[in-house]
Amino acid sequence: MIEAADRFFRLLGIRVEPSLIAHDAHTNMDTLIKYFGHGDPLVGRFIKSLVADAEEYWRGRSEAYPNDPVSQLREWLAYEGHQTGYMMEPAVLLSRTAAELFEPLKHHPLLKEIEDYWQAERRRVVGLCRAAKLRDPLELADKLLLLVHGARNERGAYGSLKPSRLLQKAGNEMMVAHGAQNESAGDRP
């Protein structure tokens with residue numbers, strides 16, 4: 001049931017009809033409800049898996065570029081700027097899931113897990129900007145996050161001339177404006 005839910009949540013979003021999950025898992029609604037209620041535990045597991053996947057990406061950057069926060073930031077910008085399967089990327093799925101959980105005047109408890117991850121991501125980017133000794137690390141981090149989150153959400157809307165094609169260039173220019181060394185075109189990943 002967990003695997004079926006994860007597959008449907010990735011493809012169709014968390015508002016998928018529970019009967020589809022039960023059918024795909026070769027079970028019935030009574031069994032699904034017995035183990036997972038009306039879906040929040042499955043959605044909670046899904047969110048935790050997306051956060052774990054996103055954290056794994058950051059661990060990989062840290063291992064690939066130890067003690068080199070500028071390279072970690074540049075690699076992040078390059079990665080985010082060149083996504084092709086972006087709709088299935090954990091960070092994009094977290095945004096979509098947050099949008100599906102949002103209800104005016106009511107704060108869904110599972111939304112807090114996504115918001116907590118976003119705050120951790122912000123602290124991480126601020127920390128990398130500080131470790132790189134870049135000017136105004138908080139301001140720079142927020143600018144970079146705006147670029148990245150904007151690119152995650154605009155992909156697919158503009159065709160081949162999509163604004164996110166400029167993400168890496170714009171992010172690197174911001175970093176240079178805040179004190180990072182200018183990289184030559186041949187240095188870009």
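User: What do the side chains of R122 and D142 meet in?
Analyst: The side chains of R122 and D142 meet in a salt bridge, 2.7 Å from N to O. A salt bridge here is a side-chain nitrogen of Lys or Arg within 4 Å of a carboxyl oxygen of Asp or Glu. The pair links distant parts of the chain, with R122 in helix α7 and D142 in helix α8, 20 residues apart. Helices are DSSP runs of H or I with at least four residues, and strands are runs of E with at least two, both numbered from the N terminus.

User: Before we go on, what kind of model is this?
Analyst: This is a predicted model, in which local features need pLDDT of at least 70 and side-chain atom pairs count only at pLDDT 80 or more, while totals for chains, interfaces and linings use all residues. Residues are numbered from 1 along each chain as its sequence is written, and side-chain values use heavy atoms, with hydrogens and water left out.

User: Which residue does E173 form a salt bridge with?
Analyst: E173 pairs with K169, the closest N and O atoms being 2.7 Å apart. Both residues lie in helix α9, four residues apart, which is about one turn of the helix. E173 is partly exposed at 46% relative accessibility, and K169 is partly exposed at 43%.

User: Which residues are linked in a network?
Analyst: D6, R10 and D53 are linked in a network of salt bridges.

User: Let us turn to α5. How many residues does this helix have?
Analyst: Helix α5 covers residues 69-81 and has 13 residues. From its first C-alpha to its last, α5 reaches 18 Å, close to the 18 Å expected at 1.5 Å a residue. The expected span is 1.5 Å times one less than the number of residues.

User: Is α5 mostly covered or mostly open?
Analyst: α5 is mostly covered, with eleven of its 13 residues buried. Among them are L73, W76 and E80.

User: What covers those buried residues?
Analyst: The cover includes α4 (40-64), α7 (109-131), α8 (137-154) and α9 (167-177).

User: What does W76 touch?
Analyst: Not counting residues up to four places away in sequence, W76 touches Y57, W58, E121, V125, L144, L145, V148 and R152. Contact means heavy atoms within 4.5 Å.

User: Which members of the largest nonpolar core touch the most other members?
Analyst: Of its 44 residues, F9, L73 and W76 touch the most other members. α4 gives the most to this core, with nine residues. A nonpolar core is a set of buried Ala, Val, Leu, Ile, Met, Phe, Trp, Tyr and Cys residues joined through side-chain atoms within 4.5 Å. In soluble globular proteins, nonpolar side chains tend to be buried together.

User: What about S95: buried or exposed?
Analyst: S95 is buried, with a relative accessible area of 12%. S95 is found in helix α6 and touches W118 and N153, leaving out residues up to four places away in sequence.

User: Where does N182 lie?
Analyst: N182 lies in the segment after α9 and counts as exposed at 62% relative accessibility. Setting aside neighbours within four places in sequence, N182 is in contact with R74 and V176.

User: Last topic, the loops. Where is H26 found?
Analyst: H26 is in the loop between α2 (18-24) and α3. Phi of H26 is near 60°, a positive value in a residue other than glycine. H26 is exposed, with a relative accessible area of 76%.

User: And what is the phi of D136?
Analyst: D136 has a positive phi of about 45° although it is not a glycine. D136 lies in the loop between α7 and α8 and is partly exposed at 47% relative accessibility.

Key: Buried means under 20% relative accessible area, exposed over 50%, partly exposed in between (1.4 Å probe, protein chains only).
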